[in-house]
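Biologist: Hey, I've just opened this one and I'm new to it. Can you walk me through it?
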Amino acid sequence: GAGSVANTPEAGDVEYLAPVTIGGQTVNMDFDSGSSDLWVFNTQLSLNTLSGHMAYNPAQSSTFQLLPGSTFSISYGDGSGAAGNVGTDTVNIGGATVTGQAIELATDVSTSFVTDTQSTGLIGLAFSKLNTVKPVQQKTFFDNALATLPEPVFTADLRHNAAGTYEFGAIDSTKFSGPLAWTPVNTTSGFWQFTSQAFAVGGGAPSTSVPGGQAIADTGTTLMLADQSVVDGYYSQVQGAVNNATVGGVTFPCSATLPDLQIDVGGTMATVRGDDINFAPVDQTGTTCFGGLQATTVQPQIYGDIFFKSNFVAFNGGNNSLGVAPH
Ligand SMILES: CC1CCN(C(=N)N)CC1
Ligand SMILES: CC1CCN(C(=N)N)CC1
């Protein structure tokens, strides 16, 4: 059946965690539509590494089975990563259940995961072709669930500093306004990738020639990383916006009024609210603020949580499409 869980932003909306029950043990995990491994903090890790974390204990699960000889190793865009061995267990997310799900048991995790004590690991929701388990690649939870879900979908409802929802198997139309705008997904990269080749600022004239013109929908990235042409076009309309090499991106006075950004999603313009683009102060006095829209020099563009805070997104694994609507 369908499954629905509340998600909760960490401080500053840095990442969004939701409960996952593995072999009867419920832990909070980071749902990441930009990767395809389900890995957890577990009792193999040292007590120092585990300090402050929840952990999965396979020995306490009557349904755990080791996958002998299987290993995983994953590194993320920010240089963080994890590696370890692999087993299977039953995974239940708000009622949506998969038996025999690959559970990747970290024996090594990078520092940023150790210090992020609220997160017990990641649940990857991109395409299984990106899964890192060897010698036999494993499937994501969503891939395994597809055949038994009422509808072959999961949805992301992320909010600024407030609880939202991840749902599997149904689209709750009370969570967004107007019709969902659907766009085909190109699965070649293994990401939820779509065409995005235009933008407009504050309702102004659209620019329709964004280089590369591709983007991915990525719940596991905090910000919205767009082509330099989008970033320059947007912040040219923000008084006092500067590229601040010291902090590593565009900043502006926290008092600035930020225009909305309209951005192309497969031919439909989606809106990212200006106040969602004011991400966080960089100083104690709250004078200078860091932009939620920043530049990426690589393709595809990465539309992360900043985009999701203004847009409800449905991921359709039945026909490989994305549905987007304001919320
Ligand atoms: C393309 C990159 C986007 C950020 N990542 C992620 N959410 N796991 C890594 C891949
Ligand atoms: C995909 C992302 C998840 C969160 N990350 C982290 N805690 N270091 C970065 C990678």
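Modeller: The protein chain has a mean pLDDT of 98, and 100% of its residues reach 70 or more; pLDDT is the predictor's confidence in each residue, from 0 to 100. This is a predicted model, where local features need pLDDT of at least 70, side-chain atom pairs count only at pLDDT 80 or more, and totals for chains, interfaces and linings use all residues. Residues are numbered from 1 along each chain as its sequence is written, chains are lettered from A and ligands numbered from 1 in the order in which they are written, and side-chain values use heavy atoms, with hydrogens and water left out.

Biologist: What ipTM and pTM does the complex get?

Modeller: The predictor gives an ipTM of 0.92 and a pTM of 0.97.

Biologist: OK, ligands. Which residues surround ligand 1?
Modeller: Asp-32, Gly-34, Ser-35, Tyr-76, Gly-77, Phe-191, Asp-218, Gly-220, Thr-221 and Ile-302, where near means a heavy atom within 4 Å. That shell splits into three nonpolar, five polar and two charged residues. For those classes, Ala, Val, Leu, Ile, Met, Phe, Trp, Tyr, Cys and Pro are nonpolar, Asp, Glu, Lys and Arg are charged, and the others, Gly among them, are polar.

Biologist: And which side chains come up to a nitrogen atom of ligand 1?
Modeller: Asp-32 has a side-chain N or O atom 2.8 Å from a ligand 1 nitrogen, and Asp-218 also has one at 2.8 Å from a nitrogen of that ligand. From the backbone, an N or O atom of Gly-34 sits 3.2 Å from a ligand 1 nitrogen. A polar contact here is a pair of N or O atoms within 3.5 Å; within protein, one must be able to donate a hydrogen and the other to accept it, and residues adjacent in sequence count only if both atoms are side-chain atoms.

Biologist: How much of ligand 1 does the protein cover?
Modeller: On its own, ligand 1 has 290 Å² of accessible area, and the protein covers 79% of it. Those areas come from the Shrake-Rupley method with a 1.4 Å probe; for residues, only the protein chains shown count as cover.

Biologist: Now ligand 2. What's around that one?
Modeller: Its shell includes Glu-15, Asp-30, Asp-32, Tyr-76, Asp-78, Ser-112, Phe-113 and Gly-220. The whole shell has three nonpolar, three polar and five charged residues.

Biologist: Which polar side-chain atoms lie by its nitrogen atoms?
Modeller: Ser-112 has one 2.8 Å from a nitrogen of ligand 2, Asp-78 has one at 3.2 Å, and Ser-80 has a side-chain N or O atom at 3.3 Å. Alone, ligand 2 exposes 290 Å², and the protein buries 86% of that.

Biologist: Switching topic: where are the cis peptide bonds?
Modeller: One joins Lys-134 and Pro-135, with omega about 0°. Pro-135 is in the loop between strand 8 (121-124) and helix 3 (141-145). Another runs from Gln-299 to Pro-300, with omega near -5°, and Pro-300 lies in the loop between strand 22 (293-295) and strand 23 (301-303).

Biologist: What about Asn-161, is its phi positive or negative?
Modeller: Positive, about 50°, although Asn-161 is not a glycine. Look for Asn-161 in the loop between strand 9 (153-159) and strand 10 (162-168).

Key. Helix = DSSP H or I, 4+ residues; strand = E, 2+ residues; numbered from the N terminus.
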